[in-house]
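Dear colleague,

Please find below the structure that I am handing over to you. My findings follow directly after it.

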Amino acid sequence: MLEVTGVAVLGAGKIGSAIVKALVSRAQDVRVVATGRSAETLRRVESLGAHATRDNRRAVESAELVVISVKPHHFPQLLRETGFDVWDGKVVVSVMAGVRLATLQSVLEGAEVYRAMPNLNAYVGKSATAIAENGSGSSRSLVEELFSLVGYTYWVPEEYLDVWTGLAGSGPAFLAEIVDALAMGAVASGMSRELAYRAILDVMEGTALLLKAREGVHPAQLRDEVATPAGTTIRGLTVLESEGVKAALMRVVEEASRRSREIGVDVDEKARKELAQIWQQAKNKI
Ligand SMILES: NC(=O)c1ccc[n+]([C@@H]2O[C@H](COP(=O)([O-])OP(=O)(O)OC[C@H]3O[C@@H](n4cnc5c(N)ncnc54)[C@H](OP(=O)(O)O)[C@@H]3O)[C@@H](O)[C@H]2O)c1
């Protein structure tokens with residue numbers, strides 16, 4: 001149970017909507033306000049059962065817990081709209097890729113800040129979400145409960161978030177591609193696409209459950225159990241080896257993680273420069 005009366009989700013896009021949906025269905029006592037710019041976003045929020053508004057400032061004022069789920073390059077504009085004087089005492093979780101805890105802490109004056117990296121599996125309550133804090137937070141359990149509503153949670157040091165993004169954030173796309181390739185192989189061998197697709201999804205789900213049930217057992221053991229001598233599996237595994245698929249998949253995650261790091265440096269630097277400017281403008285007005 002979430003120990004708050006109000007949650008605000010600023011930027012109810014793909015990830016924000018998944019969080020709103022989980023909150024509305026699984027934390028009924030909590031008032032959920034979500035923001036967007038377009039009529040379409042606001043309609044979607046309403047259809048999920050939350051209060052929809054374009055007014056980011058009022059949304060923050062109405063909540064103890066605030067999720068920031070706009071794209072990183074929209075963050076400075078979001079702050080222009082909220083102002084800098086609404087954050088004191090709020091627990092704020094950013095899911096924005098790349099914007100560092102130190103940057104968030106420097107502009108969200110008086111807030112307790114966290115970063116989280118969920119993935120799109122949040123829609124079905126199966127996100128693998130990494131959460132990082134700057135070490136001074138007293139609301140860890142609240143933040144963990146929030147992301148437990150959309151799946152599994154893992155506390156990690158902030159520096160792991162780029163690798164997390166390359167593995168778990170992008171992971172659904174990589175696995176979708178592998179599923180598609182295997183289904184196409186079945187089509188090439190004469191099966192209907194629809195049946196092949198459903199079959200491989202069942203296989204993926206079952207294999208994940210089996211590997212999870214055998215915690216501590218290396219996946220190679222399952223592989224060896226399936227691969228009987230001179231059988232079908234070893235014939236397929238030989239192709240995987242000769243085509244370098246395992247090495248390619250390792251590189252896939254390394255490259256995606258590297259890109260996350262690159263974007264992070266770029267985004268964080270731009271955000272800090274722009275935020276410093278609007279912070280100064282706000283102070284000059286006081
Ligand atoms: N997609 C993923 O798999 C994933 C995974 C982990 C983390 N993330 C992070 O999550 C964040 C959102 O990603 P997403 O894929 O959900 O993007 P998205 O679908 O584009 O959602 C962003 C939302 O922010 C809204 N927005 C922009 N400026 C706003 C403002 N000033 N006030 C209120 N709302 C505003 C947009 O509303 P309108 O559409 O109405 O303009 C849009 O609905 C990003 O920072 C991303 O790095 C994404």
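**Ligand contacts and overall fold**

An oxygen atom of the ligand lies 3.1 Å from a polar backbone atom of Ala97. Please note that the model is a predicted one.

For Val70, a polar backbone atom is 2.7 Å from an oxygen atom of the ligand. For Ile15, the separation between a backbone N or O atom and an oxygen atom of the ligand is 2.9 Å. On its own, the ligand has 900 Å² of accessible area, of which the protein covers 85%.

Turning to the surroundings of the ligand, the shell comprises 24 residues. Ile15 and Val70 are among the closest of these, together with Arg37, Ser38 and Thr41. By residue class, the shell contains eleven nonpolar, nine polar and four charged residues. At least two shell residues come from helix H1 (14–26), and at least two from helix H4 (75–82).

Which pocket corresponds to the space taken by the ligand? That space is the second largest pocket.

As regards the protein as a whole, the chain has 286 residues, and 38% of them count as buried. Its secondary structure consists of twelve helices and eight strands. The C-alpha trace extends over about 80 × 35 × 35 Å along its principal axes.

With kind regards

Methods:
Residues are numbered from 1 along each chain as its sequence is written. This is a predicted model: local features need pLDDT of at least 70, side-chain atom pairs count only at pLDDT 80 or more; totals for chains, interfaces and linings use all residues. Side-chain values use heavy atoms; hydrogens and water are left out. A residue is near a molecule or strand if one of its heavy atoms lies within 4 Å of it. A polar contact is a pair of N or O atoms within 3.5 Å; within protein, one must be able to donate a hydrogen and the other to accept it, and residues adjacent in sequence count only if both atoms are side-chain atoms. Accessible areas come from the Shrake-Rupley method with a 1.4 Å probe; for residues, only the protein chains shown count as cover. On a 1 Å grid over the protein atoms alone, a cavity is a set of points where a 1.4 Å probe fits but cannot get out, and a pocket is an open set with protein on both sides within 12 Å along at least five of seven lines; lining residues have an atom within 4 Å of a point. A molecule sits in a cavity or pocket if more than half of its atoms lie within 2 Å of its grid points. Helices (H or I, at least four residues) and strands (E, at least two) are DSSP runs, numbered from the N terminus. Ala, Val, Leu, Ile, Met, Phe, Trp, Tyr, Cys and Pro count as nonpolar, Asp, Glu, Lys and Arg as charged, and the others, Gly among them, as polar. Buried means under 20% relative accessible area, exposed over 50%, partly exposed in between (1.4 Å probe, protein chains only).
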